[in-house]
Amino acid sequence: PKDKTRLRLEEEAKLIESALQRREGAFTFLYKGAVTVEELRELILKHHARIIHLSGHADDDGFYCENDRGNASLIRTDALADLFGLAKVGVHCVVISACSSRSLAEAIGQHIPYAIGSRGAIGDQAALQFARGFYDALAHDHSYDIAFEYGRNAIDIKNIAESQVPVLTALKGTPALRLFDGTHAGPIAQY
């Protein structure tokens, strides 16, 4: 949203797409910037993504999309978690690349096998490095929980102090899922 601090979201999208291209033909990557609440719901319904990566701003109350004037519009944590509860078939992981998104990840993680958020503030460089490490590991057929550790290590290896900021929530009883199962993995969507 134009009334929030500008983030390096296009760079994050390029890093994710680049990491996934290592497994050419196995993934479809969809990037859509500056979405409204209605567009987010429509995109989730339309694309049946295995991973949904939300980039932007969040706080304990929820995640910020844009309204029709381009300003911030809060999606409450409970409402967004309910949306993912409805869309859970086929979704393996929701990544919330935003500051203070731990409670959001925990709420979504009640419906989706894996959800990733942040305990407190996370800077652009840490978010970029996490994305690079996480998606590189997924493209090399690691499970989500191992890919999460690669993401944290990618922050640490660059001497960025925020390696403990990302948090992973796993739905109780979730097996060690992998993005690639020998078939086309389906879309990975970043909004």
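Visitor: Which elements do the buried residues of α2 pack against?

Guide: This is a predicted model. In it, the buried residues of α2 pack against the strands β1 (28-31), β2 (51-55), β4 (62-66) and β5 (72-76), and also against helix α3 (77-86).

Visitor: And which residues in α2 are buried?

Guide: Helix α2 spans residues 37-47, and L40, L43 and I44 are buried there. They cover an arc of only 100° around the axis, so they lie on the same side of α2.

Visitor: What does the face turned away from that buried side carry?

Guide: That face of α2 carries exposed residues, namely E42, L45 and K46.

Visitor: What follows α2?

Guide: H48 follows α2, and its phi is positive, near 50°.

Visitor: Changing topic: how many salt bridges are there?

Guide: The count comes to four salt bridges. One of them joins E149 and R152, whose side chains meet at 3.9 Å, N to O. That pair is counted because the cut-off for a salt bridge is 4 Å.

Visitor: Where do E149 and R152 sit in relation to each other?

Guide: Both belong to helix α6 (residues 144-157); they are three residues apart, so about one helical turn separates them.

Visitor: Is R152 buried or exposed?

Guide: R152 counts as buried, at 15% relative accessibility, because the limit for buried is under 20%.

Visitor: Which residue does E106 pair with?

Guide: E106 forms a salt bridge with R102, and the closest N and O atoms are 3.1 Å apart. The two residues are four apart in helix α4 (residues 102-108), which means that about one helical turn lies between them.

Visitor: What is the relative accessible area of E106?

Guide: The value for E106 is 37%, which makes E106 partly exposed. R102 also counts as partly exposed, with 35% relative accessibility.

Visitor: Which residue does D78 form a salt bridge with?

Guide: The partner of D78 is R76, and their closest N and O atoms are 3.0 Å apart.

Visitor: And what is the relative accessibility of R76?

Guide: R76 stands at 48% relative accessibility and counts as partly exposed, because exposed requires over 50%. D78 is partly exposed as well, with a relative accessible area of 41%.

Methods: Residues numbered from 1 in each chain as written. Predicted model: local features only at pLDDT ≥ 70, side-chain atom pairs only at ≥ 80, totals over all residues. Heavy atoms only, no water. Buried < 20%, exposed > 50% of the residue type's maximum accessible area, 1.4 Å probe, protein only. Arc of directions from axis to C-beta. Contact = heavy atoms within 4.5 Å.
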